[in-house]
Amino acid sequence: MQTISMSEFHAALQQAPHDPSVAFIDVRTPDEYREEHIEGVTNIPLDQLLTRRAELANKKTVYIHCRSGVRSRHAATLLASLHEGATVFCNVEGGIAAWAAAGLPTVSA
């Protein structure tokens with residue numbers, strides 16, 4: 001598992017928004033996601049992560065964020081321990097709170 005800064009996450013999201021080998025996931029609850037999320041990031045709640053991990057198969061890099069970085073760190077560690085292969089799981093330090101603090105845009109559903 002790697003930890004990256006919000007600026008590194010923002011750059012990755014701009015560079016590879018449609019790259020099928022990269023996944024951007026938000027592990028917050030569906031309610032949190034509907035309230036505010038980052039465009040281009042898929043919601044896979046932490047409590048659904050194990051049952052939906054097939055969605056991350058064949059990814060080279062998986063960027064994971066939550067509200068502050070705690071749940072995403074747990075998710076990245078869990079996925080890295082279960083995954084076989086060369087996938088890199090990146091915890092986004094500071095989560096969506098850091099994104100908002102940087103003045104970056106969010107959307108609501």
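Let me start with the aromatic pairs, of which there are 4 in this predicted model, where rings of Phe, Tyr and Trp (for Trp, its six-membered ring) are paired if their centres lie within 6.5 Å, with planes under 30 degrees apart counted as stacked, over 60 as edge-to-face and the rest as tilted. One of these pairs is formed by Phe9 and Trp99, and it is edge-to-face, at 5.9 Å centre to centre and with 70° between the planes. Because Phe9 lies in helix H1 and Trp99 in helix H4, the pair ties together parts that are 90 residues apart in sequence; helices here are DSSP runs of H or I of at least four residues and strands are runs of E of at least two, each numbered from the N terminus. Phe9 and Trp99 are both buried, where buried means under 20% relative accessible area, exposed over 50% and partly exposed in between, with a 1.4 Å probe and protein chains only. Ring pairs link Phe9 and Trp99 with Phe24 and Tyr63 into a cluster.

Residues are numbered from 1 along each chain as its sequence is written, and side-chain values use heavy atoms, with hydrogens and water left out. As this is a predicted model, local features need pLDDT of at least 70 and side-chain atom pairs count only at pLDDT 80 or more, while totals for chains, interfaces and linings use all residues.

From the rings I move to the core. In soluble globular proteins, nonpolar side chains tend to be buried together. Here the largest nonpolar core has 15 residues, and those that touch the most other members are Phe9, Phe24, Ile38, Tyr63 and Trp99; such a core is a set of buried Ala, Val, Leu, Ile, Met, Phe, Trp, Tyr and Cys residues joined through side-chain atoms within 4.5 Å. Two or more residues are given to this core by each of helix H1 (6–15), strand E2 (22–26), E5 and helix H4 (95–101), and the largest share, 4 residues, comes from H1. There is also a second, separate core of 13 residues, which includes Ile25, Leu56, Val62 and Cys66.

Which residues of H1 are buried? They are Met6, Phe9, Ala12 and Leu13, and, seen down the axis of H1, they fall within an arc of 120°, so they line one face of the helix, the arc being that of the directions from the helix axis to the C-beta atoms. The face turned away from that buried side carries the exposed residues Ser7, Gln14 and Gln15. What covers the buried residues of H1 includes E1, E2, E4, E5 and H4.

Now to the strands, which I treat as paired if DSSP finds at least two bridges between them. Strand E4 has 5 of its 5 residues buried, so it is largely enclosed by the rest of the structure. Thr61, Tyr63 and His65 point one way from E4 and Val62 and Ile64 the other way. E2 and E4 run parallel and are joined by 5 bridges, with Tyr63 in E4 as the bridge partner of Phe24. E4 (residues 61–65) also runs parallel to E5, through 4 bridges, and here Ile64 stands opposite Asn91, while Tyr63 stands opposite Cys90. Between E4 and E5 the chain crosses through helix H3 (residues 70–82), and this β-α-β crossover is right-handed, in the sense that, with the strands pointing away from the viewer, the path from the first strand over the helix to the second runs clockwise.

Strand E5 (residues 88–92) is itself mostly covered, with 4 of its 5 residues buried. Strand E1 (residues 2–4) runs parallel to E5 and is joined to it by 3 bridges, and Cys90 is the bridge partner of Gln2.

Let me end with two single residues. His65, in strand E4, is buried, with a relative accessible area of 0%. Leaving aside neighbours within four places in sequence, the contacts of His65 include Phe9, Asp26, Arg28, Ser72, Val92 and Gly95, contact meaning heavy atoms within 4.5 Å. Is Asn58, by contrast, buried or exposed? At 73% relative accessibility, Asn58 counts as exposed. Asn58 lies in the loop between strand E3 (42–43) and E4, and has a positive phi of about 65° although it is not a glycine.
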